[in-house]
Amino acid sequence: MMKFVTFAVQVAVDGEEFQEWDKKEDMELYKSFKLTDGLINLVQASLVVSNKDKVSAHDAIRSIKYYLKNIGIYGSMPFICPIYGAGELPQAFARFSAVFGSIYVLDISPSELNYEESGEFCGLNFANRTEIEGEILRSVP
């Protein structure tokens, strides 16, 4: 695992070694470093953070580099550890979401979900006339 993480951190984004992974899938990358299935699941869920079944190795490396570059911004470790009860978990998730360009909305319900003609989600509206555009919506009742 350390060889894999070291590779992901040290490979130059514009270098030849990085470009060779452009047309390969992420599974080829993981297997080339002999990662076990458990480690592959860990990498995909926590470092790559993708909602797609198949990710190019190039995009996976880029996501891992981005994630590792942002470790330490909100503390000394990348784990969510509440100190003063579970009330800190929404705040920690909101900060984590912000690193990846997400918006985390608390205590307001959308009044309308917007869809394109193709049926794909494209945003939502709130009662206070705030409109948010996006490609993905994750919701908890």
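This is a predicted model: local features need pLDDT of at least 70, side-chain atom pairs count only at pLDDT 80 or more; totals for chains, interfaces and linings use all residues.

Colleague: What makes Phe 33 partly exposed rather than buried or exposed?

Modeller: Buried means a relative accessible area under 20%, exposed means over 50%, and partly exposed lies in between, with a 1.4 Å probe and protein chains only. Phe 33 has a relative accessible area of 26%, so the residue is classed as partly exposed.

Colleague: How many helices and strands does the chain have, and in what pattern?

Modeller: There are six helices and three strands, where helices (H or I, at least four residues) and strands (E, at least two) are DSSP runs numbered from the N terminus. Along the sequence they follow the pattern α-α-α-α-α-α-β-β-β. Of the 141 residues, 23% are buried.

Colleague: Which residues touch the most other members of the largest nonpolar core?

Modeller: That core has 20 residues, and Phe 4, Leu 29, Tyr 30, Val 43, Ile 61 and Ile 64 touch the most other members. A nonpolar core is a set of buried Ala, Val, Leu, Ile, Met, Phe, Trp, Tyr and Cys residues joined through side-chain atoms within 4.5 Å. Two or more residues come from each of helix H1 (2-10), helix H3 (26-32), helix H4 (37-48) and helix H5 (57-70). H5 supplies the largest share, five residues.

Colleague: What does Val 43 contact beyond its neighbours in sequence?

Modeller: With neighbours within four places left aside, Val 43 contacts Met 1, Phe 4, Tyr 30, Leu 35, Val 48 and Ile 64. Contact here means heavy atoms within 4.5 Å.

Colleague: How do you know that the buried residues of H1 lie on the same side of the helix?

Modeller: The buried residues in H1 are Phe 4, Val 5, Phe 7 and Ala 8. They cover an arc of only 160° around the axis, and therefore share one side of H1; the arc is that of the directions from the helix axis to the C-beta atoms. Met 2, Lys 3 and Gln 10 are exposed on the other side. The buried residues of H1 pack against helix H2 (16-19), H3, H4 and H5.

Colleague: Why is the pair of Phe 4 and Tyr 30 called edge-to-face?

Modeller: Rings of Phe, Tyr and Trp (its six-membered ring) pair if their centres lie within 6.5 Å; planes under 30 degrees apart count as stacked, over 60 as edge-to-face and the rest as tilted. By this rule there are four aromatic pairs. Phe 4 and Tyr 30 are 5.8 Å centre to centre with 75° between the planes, and the pair is edge-to-face. Because Phe 4 lies in helix H1 and Tyr 30 in helix H3, the pair ties together parts 26 residues apart in sequence. Phe 4 is buried at a relative accessible area of 1%, and Tyr 30 is buried at 0%.

Colleague: What makes Lys 31 and Asp 37 a salt bridge?

Modeller: A salt bridge requires a side-chain nitrogen of Lys or Arg within 4 Å of a carboxyl oxygen of Asp or Glu. The closest N and O atoms of Lys 31 and Asp 37 are 3.4 Å apart, and the whole structure has one salt bridge. Lys 31 is partly exposed at 44%, whereas Asp 37, at 52%, is exposed.

Colleague: How do you know whether Asp 26 is buried or exposed?

Modeller: Asp 26 has a relative accessible area of 2%, and is therefore buried. The residue is in helix H3. Residues up to four places away not counted, Asp 26 touches Gln 44, Val 55, Ser 56, Ala 57 and Ala 60.

Key:
Residues are numbered from 1 along each chain as its sequence is written. Side-chain values use heavy atoms; hydrogens and water are left out.
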